[in-house]
Amino acid sequence: MRYHPLSETDRRDMLATIGVANVEALYADAPASTVLEEPLDLPRHKSEVEVERILSRLSARNMSAGRVPFFLGAGAYKHHVPASVDHLIQRSEFLTSYTPYQPEISQGTLQYLFEFQTQVALLTGMDVANASMYDGSTATAEAVLMAHRLTRRRKALLSGGLHPHYAEVVRTVSRLAEDDVVRMPPDILGAEDLIGKIDDSLSCVVVQTPDFFGNLRGLAAIGEACRKHGALLIAVFTEAVSLGLLASPGAMGADIVVGEGQSIGNALNFGGPYVGLFATRHDYVRQMPGRLAGESVDADGRRSYVLTLSTREQHIRRDKATSNICTNSGLCALAFTIHMTLLGEAGLRKLAKLNHANAVALAGMLEKLPKVDVLNKSFFNEFTVRVNGDAASLVEKMAAKGVLAGVPVSRLLPNAGLDDLLLVASTEINTHEDRAAFVAALEETL
Amino acid sequence: MRYHPLSETDRRDMLATIGVANVEALYADAPASTVLEEPLDLPRHKSEVEVERILSRLSARNMSAGRVPFFLGAGAYKHHVPASVDHLIQRSEFLTSYTPYQPEISQGTLQYLFEFQTQVALLTGMDVANASMYDGSTATAEAVLMAHRLTRRRKALLSGGLHPHYAEVVRTVSRLAEDDVVRMPPDILGAEDLIGKIDDSLSCVVVQTPDFFGNLRGLAAIGEACRKHGALLIAVFTEAVSLGLLASPGAMGADIVVGEGQSIGNALNFGGPYVGLFATRHDYVRQMPGRLAGESVDADGRRSYVLTLSTREQHIRRDKATSNICTNSGLCALAFTIHMTLLGEAGLRKLAKLNHANAVALAGMLEKLPKVDVLNKSFFNEFTVRVNGDAASLVEKMAAKGVLAGVPVSRLLPNAGLDDLLLVASTEINTHEDRAAFVAALEETL
Amino acid sequence: QEEPLLFEIGRPDATGVDLEDAPDVAPRLGGLERKEAIGLPGLTEPETMRHYVRLSRKNYSIDAGLYPLGSCTMKHNPRLNEKMARLEGFADIHPLQPQSTAQGALELLETLAHWLMTLTGMRAVALSPKAGAHGELCGMMAIKSAIVAKGEGATRNVVLIPQSAHGTNPATAALLGFSVRVVPAAEDGTVRAQAVREALGPDVAAIMLTNPNTCGLFEREIVEIAEAVHDAGAYFYCDGANFNAIAGVARPGDFGVDAMHINLHKTFSTPHGGGGPGAGPVVLSERLAPFAPIPFLRREGEKIELVEHASGTQSFGRMTAFHGQMGMFVRALAYMLAHGGDGVTQASKDAVLSANYVRASLRDVMTQPFGDRPCMHEVLFDDAWLKGTGVTTLDFAKAMIDEGYHPMTMYFPLVAHGAMLIEPTESESKASLDLFVATLRSLAKSAKDGDAQRFAQAPRYAPRRRVDETLAARKPVLRWRAA
Amino acid sequence: QEEPLLFEIGRPDATGVDLEDAPDVAPRLGGLERKEAIGLPGLTEPETMRHYVRLSRKNYSIDAGLYPLGSCTMKHNPRLNEKMARLEGFADIHPLQPQSTAQGALELLETLAHWLMTLTGMRAVALSPKAGAHGELCGMMAIKSAIVAKGEGATRNVVLIPQSAHGTNPATAALLGFSVRVVPAAEDGTVRAQAVREALGPDVAAIMLTNPNTCGLFEREIVEIAEAVHDAGAYFYCDGANFNAIAGVARPGDFGVDAMHINLHKTFSTPHGGGGPGAGPVVLSERLAPFAPIPFLRREGEKIELVEHASGTQSFGRMTAFHGQMGMFVRALAYMLAHGGDGVTQASKDAVLSANYVRASLRDVMTQPFGDRPCMHEVLFDDAWLKGTGVTTLDFAKAMIDEGYHPMTMYFPLVAHGAMLIEPTESESKASLDLFVATLRSLAKSAKDGDAQRFAQAPRYAPRRRVDETLAARKPVLRWRAA
């Protein structure tokens with residue numbers, strides 16, 4: 001086997017040093033009834049060519065985004081990732097290192113995490129950010145738990161504009177942890193009255209902007225109301241690029257900001273791995289979940305970075321930890337950091353503007369069609385359209401014509417009477433030809 | 001521009017330091033008549049996405065080997081290259097370094113070149129090898145020039161089994177350098193009488209094995225005859241994998257061995273870059289062209305590697321150099337070295353055996369067809385078949401059916417009455433299904 | 001050479017991307033556009049490359065050397081797997097595109113699930129957990145759901161956990177409102193069925209047990225423990241972090257396990273990436289299978305459906321936005337296909353062999369807390385042998401850095417004093433193991449010979465000397481700010 | 001840490017590849033099978049990764065730092081270009097597959113040729129030369145062919161070459177049987193038309209002139225020189241190694257050049273790869289175009305044909321087996337498309353600006369052989385300023401290594417005593433240039449202050465101290481042999 005350096009001779013010599021007759025003897029503690037006598041019914045090892053053949057065949061059966069006019073969003077966005085990003089994250093020193101527990105030989109990882117934390121704090125307009133979470137949805141659930149700890153209350157209010165999957169993730173944890181969740185009904189037009197629902201029983205209000213339906217939400221008034229009632233405002237985003245063009249959640253008064261960072265530096269990957277962003281106020285840092293890199297000095301007085309505040313974490317605090325999280329999304333965070341570095345402020349703003357302009361251009365084209373309504377007053381790069389019929393079957397039919405047209409709302413909110421709604425996203429990858437192909441396929445299909 | 005770190009402010013500051021008003025002033029020595037007043041008629045800079053679109057579109061218009069049953073050889077072979085090879089050669093430290101003129105900070109390159117030289121020497125059965133040439137064809141031309149220098153004669157005899165392109169490259173240089181070349185007629189069956197042509201006027205005899213038509217050639221008797229007449233035997237190969245299964249040219253008495261190393265570690269690349277292998281006897285090393293890494297010690301006595309015997313080379317010896325060559329094929333040589341390391345003796349032998357077996361299996365299937373003759377008595381992984389008709393149009397028709405069937409001999413030897421000959425190669429990448437598809441398409445087409 | 005922070009070398013107007021010009025449209029941002037600057041510096045592409053290449057060179061990595069972190073499984077990461085994960089049909093597909101356009105992806109999930117179930121002998125698998133701890137949460141959620149379904153939600157609120165457990169185990173239990181009852185280990189470092197029986201009661205929901213355990217030992221009474229747990233109406237959660245010692249050799253399903261997560265980044269070698277991403281699929285027993293989270297797969301003939309909603313099922317719900325770590329699944333399946341059943345078994349055996357070889361080669365100079373007996377894929381030493389030398393486990397570990405090695409895991413598990421947990425993995429050649437052993441023996445001799453300075457000063461030949469962790473925690477500086 | 005040779009750690013039975021089983025057939029090797037062992041050790045995949053990763057870490061690279069090698073053009077290598085070169089339609093196509101199945105590849109060649117001709121103002125381009133020196137050979141072969149065609153093959157057998165030329169120039173001329181006549185340079189480092197006129201005669205076939213020349217200076221009398229050469233019935237070969245100073249600013253065609261090679265790995269940034277592969281397309285004037293080597297392109301409407309045989313043409317023949325360095329062509333074209341005409345021009349100007357900035361920043365501490373005047377993309381210093389310090393150019397260069405830099409080009413061109421040729425390229429930020437300048441100033445001060453030891457001992461902080469080149473050449477050990 002190409003992956004196994006030990007030869008039969010090595011194995012014999014090693015067994016002799018150990019003083020046992022065979023490797024089975026080393027498994028003597030395993031109850032005899034549990035040790036397999038026959039090999040499992042699994043295929044034998046394969047050459048690289050064979051593995052490539054099998055997986056390429058599976059890959060070829062999927063319609064990849066880059067091959068067609070592509071307009072899906074709803075929490076995962078196709079952006080162009082510069083080739084240098086993917087090259088750099090594959091450096092052995094980044095790819096094949098462990099969590100930087102030994103700072104003396106991990107400054108590479110620690111420094112980029114410190115850079116990542118700073119970038120996320122700047123983008124969200126918050127004081128501090130952690131070194132990443134699994135993804136936006138789990139970060140949201142962790143934010144709710146953190147709000148519970150900070151407020152010593154156990155009831156969360158979720159906006160009807162929150163991504164349905166995020167709401168479900170919060171609800172799953174809350175239900176099994178016996179916390180309360182109030183989930184508002186789907187809020188297609190961004191018109192819900194959250195403020196009226198805020199009272200002293202709430203630990204937090206969770207609001208997404210741009211919301212699931214693409215509407216942009218002002219958070220300032222909600223933040224005011226939260227503060228009045230001792231609740232925390234948790235702001236959520238699923239499209240990190242929007243922060244290049246929109247007022248930051250921090251500037252609008254959020255206490256905790258969580259979101260999905262996939263848009264920057266990371267591929268669609270059929271849903272994962274992604275990278276959760278998590279930022280908050282300085283005062284709350286000791287209740288924050290997840291890993292943190294901090295600045296310090298070494299024995300020679302040189303500036304150095306090191307994992308810190310780990311007394312919050314499970315490997316030190318066990319059942320008193322702020323979270324059970326151990327793994328972060330290191331390499332995805334690195335991709336985010338490198339892509340963000342390449343963008344810089346100028347590039348990010350231009351990218352966000354281009355996304356918005358492409359979406360506005362598409363919305364303008366769709367608004368001219370008779371059987372289609374664009375519902376949003378405001379949006380960033382994604383909006384909701386009402387179509388004349390079932391959006392899910394429309395999408396299927398357009399896919400058959402080679403256009404991936406968007407996400408039917410019913411895919412995430414079935415049986416909600418929203419079957420005629422379609423979420424359409426447009427990023428910098430879409431050309432005018434893509435938009436024209438979209439409109440043509442739509443007209444043919446409707 | 002993403003590639004240009006200087007900002008307009010930087011440029012202004014730098015011009016001030018220099019003491020000129022603008023950058024045009026730095027071009028003051030250029031005659032005014034030659035400085036462009038208008039920008040050239042070329043497109044403006046493009047984003048990564050746009051560049052990818054343009055080049056992907058061009059790429060998609062080519063039928064790539066991995067997508068079809070594929071049987072081409074004739075000097076370039078499709079083998080599977082392990083993913084780790086391509087990963088390693090893209091390490092910044094290998095990819096973006098220069099020729100290792102500063103050994104103190106180039107031991108990485110120098111040591112792999114030393115390993116490469118050793119591998120090539122072992123494979124060819126020779127004493128020493130250089131650090132690579134452009135490709136097999138130019139290595140052959142250099143070998144002839146080297147033989148001229150060593151023998152102080154200027155006439156080469158080329159076997160009719162030598163790859164026609166290689167023969168042409170030798171002839172081009174020789175003609176313009178006013179040396180003599182005798183090229184034997186195409187030798188389809190490996191039956192030519194070279195020995196009868198050898199006399200005291202020859203500097204060298206150039207013989208390829210496996211030859212262009214796939215025949216395996218014993219070299220011992222030719223070597224004997226060369227030695228008797230003071231000529232050198234230059235052995236050529238175009239399929240490095242064959243050396244895993246066949247007697248080495250060194251063992252058969254070659255004085256210089258040259259060949260193409262593309263097969264190991266390198267992609268087809270539409271013909272380049274490839275890597276020329278060049279090996280010879282120890283006594284001849286100072287007449288060898290190309291770069292050489294040698295062992296030495298540093299000031300602390302540690303074993304070190306360094307470029308050596310550079311007094312042979314153009315940058316020292318100028319018009320007295322053994323060759324004008326400056327660049328080698330460093331990164332391709334690295335790919336060769338890594339792939340060869342992964343193979344090892346056991347892997348190379350198994351790979352060569354698999355190649356041969358696949359070719360024998362295919363030949364067996366073809367021999368059963370009524371309108372096809374396999375002409376070779378012996379072969380490694382490539383052989384010549386006579387088809388009932390024009391091989392070039394046959395190949396075109398089979399390509400239209402999605403099978404890349406081989407190389408028509410007339411592509412390289414037009415107007416030679418060989419239009420019904422087809423070279424067919426089969427490597428480890430071919431499955432039984434590929435062979436069946438080949439036979440089916442051939443039967444349909446013939 | 002020091003590498004500045006990007007904030008110290010970047011400029012707000014510098015960029016490493018060029019973008020097409022935007023179509024000229026009237027914005028529709030509803031007055032919510034950003035007014036203030038973000039303060040994000042950029043770098044051009046050449047500067048970015050250099051910055052991160054230089055940073056990378058300050059890291060240790062498995063590609064550059066043996067990485068003997070016990071319980072972390074730092075083994076070879078085949079580059080084939082990276083290539084496969086980047087195939088456009090896996091990397092460039094959207095989680096919500098029509099399932100009819102992603103049947104190849106769904107078949108990949110199904111194939112992976114088949115391998116995991118076959119290797120563990122379990123009934124079902126939940127693929128979506130994002131990492132090991134998330135998998136623990138998944139398994140414990142399934143257990144809690146089953147308990148609630150039986151109407152015992154109010155009464156069964158204790159989870160048994162041995163002292164040697166990973167910190168994630170108690171943290172996960174606590175997250176779901178369970179309280180933790182610690183089960184003591186016997187003198188030999190394993191848990192006795194009798195001790196479990198004594199801790200069990202009608203208030204116990206589950207036991208969380210790692211096998212092989214964190215001392216590198218196989219829990220020899222595991223079958224009896226499982227029976228006792230089941231007899232008491234509780235569930236057996238197995239922490240599968242150490243599955244790489246037994247994959248292809250023994251099946252957790254045969255131990256009586258109800259739920260177990262599998263760290264794909266450990267057993268199936270998806271790269272650790274400096275701390276993630278991981279992936280933590282959870283295998284479930286027959287009785288927990290109905291509670292598995294959404295999404296899950298359902299095959300109807302040629303067509304595979306990904307069930308994304310819980311209505312009409314007993315599923316406990318959704319754990320994450322989409323379907324899990326697809327990129328990691330591709331890598332793990334590539335590893336499985338390449339290894340085959342035979343290779344996976346061989347890997348387990350070689351991992352165990354290598355750990356025992358290290359044990360046998362060091363047993364005369366270092367001490368083992370539970371005596372000199374066969375270990376699994378990792379070997380545990382304590383610091384008894386350092387007594388009186390003035391050298392601590394930490395010092396010893398840092399001195400390894402100066403010898404070119406990453407330290408072993410230190411001070412874990414907590415049951416051993418000054419623990420040193422060494423996991424060489426199956427990826428090391430015998431020559432590599434021999435060199436490692438020779439280095440450790442030489443260091444041990446040096447410690448015993450009284451050369452305490454060498455250890456107190458270590459590391460001296462690393463990018464940094466020891467870093468002041470106390471300062472970092474006392475005055476946390478967690479981001480750069482403009483001076 | 002020392003890394004052994006693979007021969008010292010490999011085993012003949014170890015392998016890092018697994019292969020399918022061969023079909024069972026009777027061999028047809030005609031009795032020529034290998035009998036003896038090859039003696040090639042192998043390594044498994046994890047060992048191979050580690051060996052070459054470790055080796056790589058002993059190299060300096062442009063990704064890790066400024067690489068000021070004059071005349072070598074070490075600038076940023078965009079990774080986009082690597083990605084593009086690996087597109088299956090370029091990397092995985094065979095040079096001899098039907099041209100109808102490779103029209104995209106041929107269009108790429110045509111597009112590249114268009115860019116090269118436009119940028120140089122020349123009439124034709126030969127793409128197949130494999131590297132710069134091979135391009136020189138191509139150009140000189142075209143010239144020789146033209147001379148022979150005019151019936152002057154026997155008489156015109158001298159090539160004029162300035163003293164400052166690259167070694168490849170005289171070597172190339174010699175290879176074709178020409179003898180070399182050296183043209184002296186004027187005091188200002190450039191060649192005077194008058195000097196050329198004096199050297200010209202009926203025996204002269206061509207001049208080989210580098211412009212900008214190897215002293216980093218623009219040959220100001222180049223147009224007159226070209227006229228003189230043409231008037232004498234000879235050809236003007238221009239060494240295009242330094243084209244990166246003027247691309248988009250001035251066209252060699254306007255100087256009167258007949259042939260010029262372009263190092264794609266310099267001007268268009270295909271990676272140097274530790275010494276290759278390069279690519280050296282040659283642009284040709286109207287009068288040399290007919291002699292261009294095969295293969296060449298011919299378009300008929302939508303179809304592009306690659307002409308592979310010389311019959312019926314004046315082509316001088318074939319230079320290499322196939323069509324040239326496709327992999328490098330893709331990278332170079334990606335570079336051109338990304339830069340655009342505007343970016344290429346900017347790159348040239350920034351390269352010149354950066355070199356002059358270094359010149360202006362060091363002119364007070366170092367000496368220039370031809371006075372303080374504007375240079376092109378590289379600046380030449382000599383060692384006059386080191387006189388009496390006991391420090392040589394070599395010492396100074398090696399001391400740069402200790403400061404984290406690759407040395408500049410030393411002792412070339414030969415026309416300057418103790419030459420130090422610095423080419424910063426357009427890829428460096430101003431901060432990077434400032435740091436480089438400050439380092440050189442500090443080193444210069446140290447040299448003048450008499451700290452000769454620092455230089456004589458250098459490098460001390462590199463993977464190796466100075467290596468004994470004499471020993472290597474005196475007793476050449478060019479391969480490993482079993483002890």
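This is a predicted model: local features need pLDDT of at least 70, side-chain atom pairs count only at pLDDT 80 or more; totals for chains, interfaces and linings use all residues.
How much area is buried between chain C and chain A? In this model the figure is about 17200 Å², of which carbon and sulfur atoms give 62%, where buried area is the accessible area (1.4 Å probe) that two parts lose on being put together, summed over both. The size of an interface is often given as the accessible area lost when the parts come together.

Residues are numbered from 1 along each chain as its sequence is written, chains are lettered from A and ligands numbered from 1 in the order in which they are written, and side-chain values use heavy atoms, with hydrogens and water left out.

Let me stay with chains C and A. Here 207 residues of chain C are in contact with 201 residues of chain A, contact meaning heavy atoms within 4.5 Å. Within chain C, the residues that lose the most area to chain A are C:R28, C:R34 and C:L478, and together they account for 5% of what that side buries. Between these two chains the count is 19 salt bridges, a salt bridge being a side-chain nitrogen of Lys or Arg within 4 Å of a carboxyl oxygen of Asp or Glu. One of them joins the side chains of A:R11 and C:D350, at 2.8 Å from N to O. In another, C:K130 pairs with A:D135, the closest N and O atoms being 3.7 Å apart. This second pair runs from the loop between β1 (124–126) and α6 (132–149) of chain C to the loop between β1 (128–129) and α6 (136–151) of chain A; helices (H or I, at least four residues) and strands (E, at least two) are DSSP runs, numbered from the N terminus.

There are also 114 residue pairs in polar contact between chain C and chain A, both residues being at pLDDT 80 or more. A polar contact is a pair of N or O atoms within 3.5 Å; within protein, one must be able to donate a hydrogen and the other to accept it, and residues adjacent in sequence count only if both atoms are side-chain atoms. Helix α12 (residues 326–362) of chain C gives the largest share of the side that touches chain A, with 26 residues. By class, that side has 105 nonpolar, 56 polar and 46 charged residues, where Ala, Val, Leu, Ile, Met, Phe, Trp, Tyr, Cys and Pro count as nonpolar, Asp, Glu, Lys and Arg as charged, and the others, Gly among them, as polar.

Now to chains D and A, where 16 residues of chain D are in contact with 17 residues of chain A. The area buried between them is about 1300 Å², and carbon and sulfur atoms give 50% of it. Of the area that chain D buries against chain A, D:D18, D:E20 and D:R79 supply 45%, more than any other three residues. The rule finds 3 salt bridges across this interface, and D:D18 forms a salt bridge with A:R2, the closest N and O atoms being 2.6 Å apart. The side of chain D that touches chain A receives two or more residues from each of α2 (45–56) and α3 (79–85) of chain D, and α2(D) gives the most, with 4 residues. The residues on that side divide into 5 nonpolar, 3 polar and 8 charged.

The largest cavity holds about 140 Å³, and of the 16 residues that line it, B:H80, B:P82, D:V17, D:D18 and D:L19 lie nearest its centre. On a 1 Å grid over the protein atoms alone, a cavity is a set of points where a 1.4 Å probe fits but cannot get out, and a pocket is an open set with protein on both sides within 12 Å along at least five of seven lines; lining residues have an atom within 4 Å of a point. Grid points are joined across faces, edges and corners, and a volume is the space filled by probe spheres set on the points. The cavity lining has 6 nonpolar, 5 polar and 5 charged residues.

I will end with the backbone. A cis peptide bond joins B:T209 and B:P210, with omega about -10°, and B:P210 is found in the loop between β4 (204–208) and α8 (220–229) of chain B.
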